[in-house]
Amino acid sequence: MTVTSGEDKIKWWKDAKFGMFIHWGLYAALGRGEWVMYELNIPVRDYERLAETFHPVRFDAKSWVGLAKAAGMKYIVITAKHHDGFAMFRSQAEPFNIADATPFGRDPMRELAEECREQGIVLCFYYSHVIDWHHPHAVHNKYNNVWDYDTDSKHFPTYWNGLVKPQIRELLTQYGPVGLLWFDTAGGLSKEDSEELVGLVRGLQPDCLINSRVSHYPDMGDYQSKGDNEIPMYGEDSRAWETPMTLNQSWGFSTKDQVWKQPEAIIRKLVHIVSKGGNLLLNVGPDAEGHIPDLSAERLREVGAWLNVHGEAVYGAAASPFPYEMEWGAVTVKPGRVYLHLTSDAWPQGELLLYGLQNKIKQAYVLSDPGRTPLETTQRYDAGMDHHTLTVGLPDKPANDCMTVIAIDIEGELSVDTRLSQQPSGHVKLEWANGRIDADAKTIEWSLQIVAPGTFDLELVCFQKEGASWDEAFREGIEAASRSRRFTAQPKPDRVIKNSTACQHPYTEVHSHLGTIVFDRPGTCTLSLRSALIRPKSGFTEIWQADPVKLRAVKLVKRQ
Ligand code: GLC
């Protein structure tokens, strides 16, 4: 991967799509995640003692970078310092670091930097700039070490000038070019301090990208970090964005957490994210010996095997031009070519219908078919409705167990009907980001194209956080209205969706039946909902600030 620079400096990252997040620190020795010091209120003196025996003899930069490569990942973001304050690099600014405080004595960041250069992977650093439970003067607006230090007598500049700035300088001067700095949990940091940090990075390495979590003020940094494990809606973000995601349910090494995502799920989530224009930063948590758990490595290799064949439809691809989710999978595009990613376990029999593609088709074929055997295509245009339909004849069986990609070569520049439209199945999912939101009036309204009129079940799609009370969230009902009907419903958690593509721990996708609505003629119709839970279009929210029950979409399911 070649890093782009100057005005185009974010291009390499946008094209890369898939990166490896590595949470590795002293906490690995306790095997219960990176928040263990805070959760157990471990005194600094005791926590420091962990370093005395931290000796990751199995750490091998070559195999870590090799794994990222085999997984099809293009960059690595590793925790240079997490909230526990322990630097995983040689630091003059603070002796509490892996090279000086452990029997290991090596600088793994240096070894990784060399290997990344060797293998063509971009090295990036995570740095916890506000939370630091080891330093007596670090101040966050919520998560501080209150068992060792008195928050009132802290002097933030001592921490900021004495540790953060010198360590950022070290990270940007000791390891060659750094692809990006990934800051985290900026709660309480002033705008001036965030800007100063951004300025420091820009001064030392102007091409180094910065994620938005450098600050809680909006639009800072070069791209938007979504909340942990958060996949946004189609069209939600106007800036470049990335979803940081766990492979199980933890970031740092955990002996207990064995809830692993399956390779198929990861591939689908990756494709889904790319079809929405984002990047996936997928995490591994190596243990205290420096070994990446086998269950993680196996999964990543399977994802890599799929990407090896289908990478053309992922790397450098642009988001789907259609503003809604496809029931059969997802769409990505490149100049002159549209890729339909079809989930193999919902393989349409015989043919696939696609609405709204206005270009003339040159040819369609299965991407993994080396002979590019042409698939049959027909195109129809309904002038009365100004509506395009493409039919692609499909092979009887999917070509891949997880996702099969159909490539469609088109004439001219891509041209698509971007109106929200009922799908060939008769259904359509209307996501919040595509509605007109009036946050004060607590209403949202969509205009959509009805192709086949009829009676529709309205299914509310929510993401419910683990432990969140449904009843409390829906103390007030939801009002739905179309031209012909208005009613109020009290949503119940009717159906939990397992294997949701967009939703994962700590949230679960829940559907509720609200009632029925009739659209009795084809053409443009409107649907509106009114609920106390309607928020303005979201910016970045830390995971603990996000609503416990988030409204996501309403699905119109056509009655047959
Ligand atoms: C959170 C957590 C942190 C983790 C990060 C990953 O903000 O505090 O432990 O590193 O998210 O995105």
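A: Start with polar contacts. In this predicted model, ten residue pairs are in polar contact between domain 1 and domain 3, counting pairs with both residues at pLDDT 80 or more. Salt bridges are another matter: the count between domain 1 and domain 3 is zero.

Now look at the domain 1 side. Two elements give two or more residues to the side that touches domain 3: β6 (224–225) and α9 (263–275). By kind, the residues of this side divide into seven nonpolar, nine polar and nine charged. The charged residues are there on the domain 1 side, yet there are zero salt bridges between domain 1 and domain 3.

Next, the extent of the meeting. From domain 1, 25 residues are in contact with 21 residues of domain 3. Together the two domains bury about 1900 Å² between them. Of that area, 51% is on carbon and sulfur atoms. The C-alpha centres of domain 1 and domain 3 lie 36 Å apart.

Where are these domains in the chain? The domain assignment gives domain 1 as 23–269 + 279–292. Domain 2 covers 329–418, and domain 3 covers 428–558.

Stay with β6 for a moment. The loop between β6 and β7 (241–245) holds asparagine 229. Its phi is positive, near 60 degrees, and asparagine 229 is not a glycine. That deserves a second look, because most residues other than glycine have a negative phi.

The ligand comes next. A polar side-chain atom of histidine 23 lies 2.5 Å from an oxygen atom of the ligand. For tyrosine 126, a polar side-chain atom lies 3.4 Å from a ligand oxygen. Arginine 213 has a side-chain N or O atom 3.4 Å from an oxygen atom of the ligand.

Finish at proline 506. It sits in the loop between β22 (495–497) and β23 (507–519). The peptide bond from histidine 505 to proline 506 is cis, with omega near 5 degrees. This bond stands out because most peptide bonds are trans.

Notes
Residues are numbered from 1 along each chain as its sequence is written. This is a predicted model: local features need pLDDT of at least 70, side-chain atom pairs count only at pLDDT 80 or more; totals for chains, interfaces and linings use all residues. Side-chain values use heavy atoms; hydrogens and water are left out. Domain bounds come from an automatic or database domain assignment. Contact means heavy atoms within 4.5 Å. Buried area is the accessible area (1.4 Å probe) that two parts lose on being put together, summed over both. A salt bridge is a side-chain nitrogen of Lys or Arg within 4 Å of a carboxyl oxygen of Asp or Glu. A polar contact is a pair of N or O atoms within 3.5 Å; within protein, one must be able to donate a hydrogen and the other to accept it, and residues adjacent in sequence count only if both atoms are side-chain atoms. Helices (H or I, at least four residues) and strands (E, at least two) are DSSP runs, numbered from the N terminus. Ala, Val, Leu, Ile, Met, Phe, Trp, Tyr, Cys and Pro count as nonpolar, Asp, Glu, Lys and Arg as charged, and the others, Gly among them, as polar.
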